Amino acid sequence: MINRRKTLGLLGAAATFGSIGRKLHAAVPKNVVIIGAGILGASIAYHLVKRGAQVTLLEKSKPSSGATGDSFAYLNASTKPSRPYYDLNLAGIAGWRRLQLELSGTLPLQWGGAVYWRDEPTAAAQLLDSLRGYQGWGYAGRRIDEGELRHLLPNSTPGRVEAAAFYDQEGTVDPVGAVDILLARAKAMGATIEYPVEVVGLDVTTDRVRGVKTNHGKIEADAVILAAGLGSQSLASLVGVKLPLTSSAGVLVHTKPQPAFLERVVFAPGNTIKQNPDGRVVSGGGHEGSNLTTSPEEQGAQILRDASRYFPRLKEAAIENVTVGQRVLPIDGFPILGFLGGYRNLYVAATHSGVTLAPVIGQYVTQEILEGVILEPLAPYRPGRFSAA
């Protein structure tokens, strides 16, 4: 496995946030095919069609049916291990605020911030050390005492609090609702959204993709974008390119709608908890993935019992469903963004933190595809870093 800190260290000098990009090519694609209707595909489609591209988006099943629909959808830059990646996620947060204004407040977003606390000394020290690091980068986070924690979470019973922190510029989104809105806007501007449709091949020449072969026929394309999550791996293999992706299982329990009681994202000891605008509470067992040694139903019930320690009203909440998502993880943990395998018009967008990054990836991919520039903030994340390692 590639050491991601070393990778980012080697390339970080080229990743100055906001730098002006270099020219890549002069030809402007007119017909762009996007494969994958998760949050990345929806954002890219919206940004491209807004700029006048003719966009066809293909989805094997239905929109949000992959990692997007099973995402906790925490919008943050406070869990990122390197400065360039932190900067990219910070741009993602700003992108959501831009889209919120651009789409007249219709997106299902919440900006109540995120509250963390820990109940034992070692974990508390790690929390505060992480906080100090992000404060040094200028991030809006601060240490809070137990009194302020209870003020921020008035319906909580936090138990022992060794240390707590509040990141007030963070938030969350209902990812399925966001995809629906972005796709509806893209379609209203002329995009074609097709599902269910399966991509069975790519029509390629020496260095270009000429079209996409589907079970419904062939679609001509000036550019093709792979944004199918884990499915991008098999799509890349169609042209002999190995895309180094892995996955991490995430179990989430979703309750039936509850009266509003939680405005912030909560990272309690052993639990992540949020309440969507529709009243549904979503909770997971932690931020690092789930252990599937028990059935999803059993694990979901246990997650909700654990969450009810911190919010007693959840003891009476009914479970609507339990989801098991496969989070997309490039092998070194960082995004894979750029033209793939020597093909000048075959682009890949694969990443963890896809929900946070979706707006800025939509913007950057559109600029690289339509304007022919190489964006410096994406320099550490090119597919070629794996073959060069």
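Author: Three residues of the lining of the second largest pocket are nonpolar, seven are polar and six are charged. Here Ala, Val, Leu, Ile, Met, Phe, Trp, Tyr, Cys and Pro count as nonpolar, Asp, Glu, Lys and Arg as charged, and the others, Gly among them, as polar. The model is predicted: local features need pLDDT of at least 70 and side-chain atom pairs pLDDT 80 or more, while totals for chains, interfaces and linings use all residues. Numbering runs from 1 along each chain as its sequence is written, and side-chain values use heavy atoms, without hydrogens and water.

The volume of this pocket is about 270 Å³. Its lining has 16 residues, of which Gly69, Asp174, Val176, His254 and Asn276 are the closest to the centre. Two or more lining residues come from each of α6 (175-188) and β19 (319-330), and β19 gives the most, with three. Helices (H or I, at least four residues) and strands (E, at least two) are DSSP runs, numbered from the N terminus.

A pocket is an open set of points on a 1 Å grid over the protein atoms alone, where a 1.4 Å probe fits, with protein on both sides within 12 Å along at least five of seven lines; lining residues have an atom within 4 Å of a point. Points are joined across faces, edges and corners, and the volume is the space filled by probe spheres set on them.

As for charges over rings, lysine 274 lies over the face of phenylalanine 72, 5.4 Å from the ring centre. The criterion is NZ of Lys or CZ of Arg within 6 Å of the ring centre and within 35 degrees of the ring normal.
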